[in-house]
Amino acid sequence: MNTKVNLAGVQLKNPVMTCSGTFGSGMEYGEMVDLNRLGAVVTKGIANVPWPGNPTPRVTEVYGGMLNAIGLQGPGVDVFIERDIPFLKQYDTKIIVNVCGKTKEDYLDVVERLGETDVDMLEINISCPNVKAGALAFGQDPKVAEDITAAIKKVAKQPVIMKLSPNVTDISEMAKAVEAGGADVVSLINTITGMKIDINRRTFALANKTGGMSGPAVKPVAVRMVYQAAQAVKIPVIGMGGIMTADDAMEFILAGATAVAVGTANFVNPCTTAEIVDGIEAYMKKYGVEDINELIGAVR
Amino acid sequence: MNTKVNLAGVQLKNPVMTCSGTFGSGMEYGEMVDLNRLGAVVTKGIANVPWPGNPTPRVTEVYGGMLNAIGLQGPGVDVFIERDIPFLKQYDTKIIVNVCGKTKEDYLDVVERLGETDVDMLEINISCPNVKAGALAFGQDPKVAEDITAAIKKVAKQPVIMKLSPNVTDISEMAKAVEAGGADVVSLINTITGMKIDINRRTFALANKTGGMSGPAVKPVAVRMVYQAAQAVKIPVIGMGGIMTADDAMEFILAGATAVAVGTANFVNPCTTAEIVDGIEAYMKKYGVEDINELIGAVR
Amino acid sequence: MAQKKVRAAIVSQEKLAEGIFSMWLDAPEMAAASRPGQFIAVYTNDPSKLLPRPISICEADKEKGRLRIVYRIAGAGTLEFSGYQAGDTLDIMGPLGNGFPLKDKKAFLIGGGIGIPPMLELAKNLECEKTAVLGYRDAETFLADEIGKYAEVVIASEDGSVGTKGNVIDAIRAGSLKADVIYACGPTPMLKALKAYAAENGIECWISLEEKMACGIGACLGCVCHSKDVDEHSNVKNKRVCKDGPVFLADEVELLSSEEQRERIAGGCMCGTVKVKED
Amino acid sequence: MAQKKVRAAIVSQEKLAEGIFSMWLDAPEMAAASRPGQFIAVYTNDPSKLLPRPISICEADKEKGRLRIVYRIAGAGTLEFSGYQAGDTLDIMGPLGNGFPLKDKKAFLIGGGIGIPPMLELAKNLECEKTAVLGYRDAETFLADEIGKYAEVVIASEDGSVGTKGNVIDAIRAGSLKADVIYACGPTPMLKALKAYAAENGIECWISLEEKMACGIGACLGCVCHSKDVDEHSNVKNKRVCKDGPVFLADEVELLSSEEQRERIAGGCMCGTVKVKED
Ligand SMILES: Cc1cc2nc3c(=O)[nH]c(=O)nc-3n(C[C@H](O)[C@H](O)[C@H](O)COP(=O)(O)OP(=O)(O)OC[C@H]3O[C@@H](n4cnc5c(N)ncnc54)[C@H](O)[C@@H]3O)c2cc1C
Ligand SMILES: Cc1cc2nc3c(=O)[nH]c(=O)nc-3n(C[C@H](O)[C@H](O)[C@H](O)COP(=O)(O)OP(=O)(O)OC[C@H]3O[C@@H](n4cnc5c(N)ncnc54)[C@H](O)[C@@H]3O)c2cc1C
Ligand SMILES: Cc1cc2nc3c(=O)[nH]c(=O)nc-3n(C[C@H](O)[C@H](O)[C@H](O)COP(=O)(O)O)c2cc1C
Ligand SMILES: Cc1cc2nc3c(=O)[nH]c(=O)nc-3n(C[C@H](O)[C@H](O)[C@H](O)COP(=O)(O)O)c2cc1C
Ligand code: FES
Ligand code: FES
């Protein structure tokens with residue numbers, strides 16, 4: 001049985017990855033999950049300098065999901081290169097580094113620094129609803145998204161995944177824009193902007209007022225967008241948003257995702273990623289599928 | 001204790017309404033809920049002629065919600081005026097008629113016909129993800145939304161509520177557009193476009209492939225958009241999306257909604273609307289609030 | 001107000017066959033109001049699953065105030081139901097739908113697979129001469145003995161392990177059985193075949209349909225089937241399975257796949273004012 | 001691999017006071033590994049509620065392999081927990097966090113309200129001379145007797161119905177109590193007051209903090225508190241309550257409101273590279 005998938009020349013042993021920001025750099029979950037079992041570990045968004053993130057409360061639970069407004073706290077790319085990459089290098093899994101910034105220059109700075117390292121791919125987060133350049137995120141305007149993609153591609157040494165925001169009118173247009181900019185892969189969805197109000201204290205549940213929604217509640221929107229993006233572009237699509245089980249992962253693969261990423265589910269069950277690897281194999285066995293690649297986008 | 005709220009000159013005895021399409025014209029639920037207790041009944045979208053709607057399956061369950069692609073099946077405005085309005089007129093509640101169409105002329109046709117009746121308000125559905133004019137719904141382009149609002153306002157005899165789609169990049173812009181077009185009230189959210197794939201049959205769960213997502217899973221997105229819309233415009237806002245309990249209703253009111261509407265919850269508990277009327281009063285009593293209007297938009 | 005949502009206690013639960021369970025529920029008002037062929041909406045106790053599962057009434061014990069349902073594990077909701085025991089409680093709403101009209105004619109009661117349960121209550125309530133033709137997968141002929149108390153029972157099984165090998169029509173043909181009215185519930189291919197058989201033979205034929213539901217009471221228009229003529233309520237050629245059905249005269253309805261429906265709508269024969277876009 | 005998610009059976013559940021419950025859980029590995037001041041992540045059985053509830057370990061019976069938690073009904077999750085009985089099961093993960101360091105100095109164990117539970121296990125494990133100063137709302141002095149078996153107990157109550165009327169500091173002042181190290185858990189205003197008191201009096205002071213959590217193990221950065229100096233892990237002035245805490249040296253952390261945090265971030269003193277937008 002073949003579970004290997006190919007993302008712009010990078011071969012993953014299976015299509016299961018982690019969602020940026022939900023798995024740290026793998027150190028904490030590595031105590032509970034064998035990182036060698038994962039197709040790739042995607043690390044928390046990293047900027048050129050240390051970022052303190054947002055005030056607390058930063059997280060809150062909602063029906064079937066959660067809101068977060070971490071605000072991309074991170075130690076900065078220097079500490080990350082020194083500490084987190086060597087840690088992950090110990091494992092037989094691909095390393096994908098999620099990159100964030102406030103200006104185009106910030107992004108380019110990080111991408112150039114990472115070019116000196118042997119991480120496998122870069123995932124460019126132009127869609128964080130908690131940090132913005134102007135009124136909208138970079139990932140909400142197709143022209144801006146195309147431009148930043150092209151600029152990053154010019155300096156990037158590794159294949160570039162552009163991570164799209166679901167907070168847009170037309171996801172196909174966004175996917176096409178980053179493809180036009182030269183993206184090697186597109187990943188989606190980032191979180192959907194949401195809000196929770198504490199009616200007893202009459203205040204926002206999050207200090208940041210709004211936060212990004214994730215978890216199983218967002219899955220139908222994510223599957224729809226992954227389907228639409230996969231229909232719109234030729235480059236591979238990484239699907240995520242609410243994946244809790246292997247069945248959920250299969251839904252994304254059938255909708256057109258070459259790989260899938262598991263986020264909030266890690267908080268619910270720290271072993272979810274490994275269980276999904278097993279579950280995908282079980283699905284293939286049940287239906288006598290020899291190669292996972294036959295299933296990618298099989299529902300049209 | 002005052003629970004009366006005012007929507008563009010129409011006084012509701014309380015802020016609790018039904019969501020269009022989830023309550024028919026009240027006949028079925030009227031057997032289980034006393035319609036006299038509701039602030040308003042909002043009827044299923046009605047077009048100028050009978051509409052057959054979409055193929056089945058039209059509905060499917062998702063985590064914390066459902067998808068529907070009814071496709072605006074309706075008997076046409078003639079039968080509606082003859083049968084449904086007289087039925088609702090028996091009750092002491094406001095009648096709000098949800099209007100749909102494929103072209104501007106369709107909408108105007110229905111609005112004019114309803115002008116001859118004594119319904120209280122019109123809610124214009126420019127946001128149904130299951131019926132489209134071109135690639136996007138009317139409710140996804142601010143210019144188009146403003147134009148159709150202005151055209152409708154020219155012929156409408158009743159106050160006009162414009163119902164917004166959440167499938168947009170910037171809800172504030174959409175709310176401002178319909179306000180600029182002359183809308184008396186804005187309501188939101190309609191359903192979020194989603195998809196479900198049956199991984200065993202390897203097919204879409206809905207015949208229409210995509211469907212509109214509703215239910216508690218969408219509430220954080222709805223609260224966020226209601227808050228943003230209320231901040232953006234001066235006209236009253238009607239909030240909906242995932243309201244299951246009085247606490248949920250209060251969240252919308254505190255976020256800026258003058259009235260709230262209950263949809264999918266009716267399918268879960270047919271008496272939800274009446275229970276929410278009671279629950280809002282209980283909340284006011286608990287916190288010694290004399291007038292519900294003090295709470296509208298109280299969290300900023 | 002016949003329809004009502006109540007919290008009902010489970011009186012007993014029993015496994016009838018592989019994946020098939022029988023549950024008695026304490027629901028006096030519903031039991032009293034119920035007619036054969038009606039169904040109840042059964043809610044799960046899992047807050048992430050909101051919609052009710054429609055399940056036919058298999059028996060109504062009006063004296064003890066109890067309803068019986070027999071169901072197959074088809075997914076997560078029915079799996080959850082199968083885990084409950086006497087004393088546990090479930091929200092249910094009903095009785096819903098129209099039920100079978102009780103005619104005084106020689107009758108076929110035809111059930112296929114998990115369409116068999118409503119035939120038990122129907123058999124109990126029909127006073128006329130009656131033959132139950134029951135189609136099973138294999139030798140696990142759940143409910144056959146119980147139905148046999150009220151009607152002659154003829155069995156078909158797909159694997160031929162009991163009765164006629166084949167489907168219910170094969171069994172009818174094999175036994176040269178005759179009747180003046182058909183009451184049927186089961187998979188769509190079986191209903192289609194029966195509709196054709198009844199038309200051929202000029203027999204009155206009532207079929208119980210299935211469709212995905214949301215409200216269960218006629219308000220959402222989620223569960224429509226397709227009618228030959230324009231329906232009075234909908235003013236288009238759609239009828240609501242939950243409210244106008246689930247039982248229809250076979251002649252009145254068309255059993256169409258999603259594809260066939262799409263063509264019919266696009267072709268304008270349902271009044272065709274809207275083209276379906278595949279968005 | 002000290003941290004682990006397991007399904008644990010409830011051994012017993014008991015109501016200690018209005019809205020306050022005590023639960024023993026069967027969790028041998030966690031009980032064996034636990035230290036005073038650590039907590040466990042308790043998951044609800046409701047699939048619509050995904051995140052675990054952090055609850056302090058109140059007692060660890062390493063022999064019987066059991067953990068005790070004492071919790072207040074604060075919302076829907078703890079309400080659900082309060083409905084369970086012996087034999088029911090819950091998913092739990094732990095032990096989590098660092099716990100109190102056990103010093104051999106004359107100690108104050110200070111608990112306010114639902115911050116009292118961890119003081120019981122701490123009292124059992126501290127060998128030194130110790131006084132527990134416990135702050136209650138009223139006369140429902142849950143756990144006071146049990147803690148009294150291991151430490152001298154001094155009580156303050158808000159309504160004055162038992163002990164000193166007022167808070168724990170009032171009780172310390174009223175009794176002219178003295179200690180060389182403070183271990184404290186309770187509401188932020190209490191911790192703030194103790195931090196100031198300890199600084200004034202030059203006492204070593206360990207406080208256990210609370211923050212909303214998602215992962216509970218240090219991966220998501222949801223639960224940070226604010227440190228005086230740049231933290232080694234975060235490389236900014238943030239520490240993770242779940243992993244680096246929940247116990248911190250009072251001097252190391254700043255107890256800031258959301259507003260104060262916002263100013264601090266905007267002011268650049270956390271390395272201020274990002275301005276928070278209120279979107
Ligand atoms: C009028 C009527 C009477 C029925 N009577 C019986 C009966 O007596 N015994 C029995 O075993 N089954 C019966 N069914 C089918 C039964 O409703 C489904 O098997 C059940 O809803 C599956 O739920 P699930 O959660 O296990 O499956 P899932 O596939 O997880 O369900 C997901 C969603 O799809 C709906 N759904 C799935 N399959 C069906 C279906 N076949 N029909 C309608 N909705 C479906 C569910 O209600 C739920 O909302 C009847 C259906 C109808 C319409
Ligand atoms: C390290 C630590 C130890 C704790 N120990 C105890 C204890 O021993 N006994 C006890 O009664 N309580 C304790 N708490 C508080 C306890 O976690 C909350 O009361 C509980 O999570 C409330 O959950 P709920 O579902 O009832 O409330 P809801 O308000 O419905 O919870 C909604 C969400 O907010 C979170 N949340 C709400 N209040 C808090 C809070 N104060 N701290 C952290 N998260 C919160 C919940 O975990 C959940 O994710 C502790 C908190 C922390 C951080
Ligand atoms: C706590 C948290 C932190 C996140 N941080 C990042 C991040 O740093 N960069 C990024 O691109 N996405 C981030 N995300 C988004 C996730 O990577 C993912 O796109 C989203 O959560 C949807 O997947 P899920 O529903 O499986 O969690 C974060 C999500 C969560 C919940
Ligand atoms: C079955 C169904 C049918 C609907 N039909 C309409 C409609 O005809 N017109 C309309 O404006 N909105 C329609 N909606 C959207 C609802 O009015 C409402 O905006 C949405 O469901 C969100 O609210 P909820 O989460 O409380 O259901 C429909 C929703 C559902 C679930
Ligand atoms: S299920 Fe709503 S009309 Fe039948
Ligand atoms: S809760 Fe995730 S880091 Fe503490």
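This is a short tour of a predicted model, stop by stop, with something to select at each one.

Before you click, residues are numbered from 1 along each chain as its sequence is written, while chains are lettered from A and ligands numbered from 1 in the order in which they are written. Because the model is predicted, local features need pLDDT of at least 70 and side-chain atom pairs count only at pLDDT 80 or more, though totals for chains, interfaces and linings use all residues; side-chain values use heavy atoms, with hydrogens and water left out.

**Stop 1: where chain D meets chain A**

Select chains A and D together. Here 45 residues of chain D are in contact with 49 residues of chain A (contact means heavy atoms within 4.5 Å). The size of an interface is often given as the accessible area lost when the parts come together. For this pair, about 4,000 Å² is buried, and 56% of it is on carbon and sulfur atoms. Buried area is the accessible area, found with a 1.4 Å probe, that two parts lose on being put together, summed over both.

The rule picks out three salt bridges across the interface of chain D and chain A; a salt bridge is a side-chain nitrogen of Lys or Arg within 4 Å of a carboxyl oxygen of Asp or Glu. Zoom in on E28(A) and R240(D), whose side chains meet in a salt bridge, with 3.0 Å from N to O. The interface of chain D and chain A also has 16 residue pairs in polar contact, both residues being at pLDDT 80 or more. A polar contact is a pair of N or O atoms within 3.5 Å; within protein, one must be able to donate a hydrogen and the other to accept it, and residues adjacent in sequence count only if both atoms are side-chain atoms.

Helices (H or I, at least four residues) and strands (E, at least two) are DSSP runs, numbered from the N terminus. The most comes from α7(D), with four residues. By class, this side of chain D has 20 nonpolar, twelve polar and 13 charged residues. In this sorting, Ala, Val, Leu, Ile, Met, Phe, Trp, Tyr, Cys and Pro count as nonpolar, Asp, Glu, Lys and Arg as charged, and the others, Gly among them, as polar.

**Stop 2: ligand 2**

Then try R72(D), where a backbone N or O atom is 2.7 Å from an oxygen atom of ligand 2. On its own, ligand 2 has 820 Å² of accessible area, and the protein covers 86% of that. Accessible areas come from the Shrake-Rupley method with a 1.4 Å probe; for residues, only the protein chains shown count as cover.

**Stop 3: ligand 1**

Hop over to ligand 1. Residues from chains B and C surround ligand 1, so the site is shared between chains. Select R53(C), where a side-chain N or O atom is 2.8 Å from an oxygen atom of ligand 1. Next comes P54(C), with a backbone N or O atom 2.6 Å from an oxygen atom of ligand 1. The shell around ligand 1 has eleven nonpolar, four polar and six charged residues.

**Stop 4: ligand 3**

How many residues surround ligand 3? There are 22, and the closest are S20(A), K163(A), G215(A), G242(A) and T264(A). At S20(A), a polar backbone atom is 2.7 Å from an oxygen atom of ligand 3. The protein covers 98% of the 600 Å² of accessible area that ligand 3 has on its own. Its shell has five nonpolar, 15 polar and two charged residues.

Over all chains, the count comes to 62 salt bridges. Select R37(B) and D278(B), which form a salt bridge with their closest N and O atoms 2.8 Å apart. R37(B) sits in the loop between β3 (16–18) and β4 (40–42) of chain B and D278(B) in helix α8 (residues 272–286) of chain B, so the pair ties together parts that are 241 residues apart in sequence.

Conventions
A residue is near a molecule or strand if one of its heavy atoms lies within 4 Å of it.
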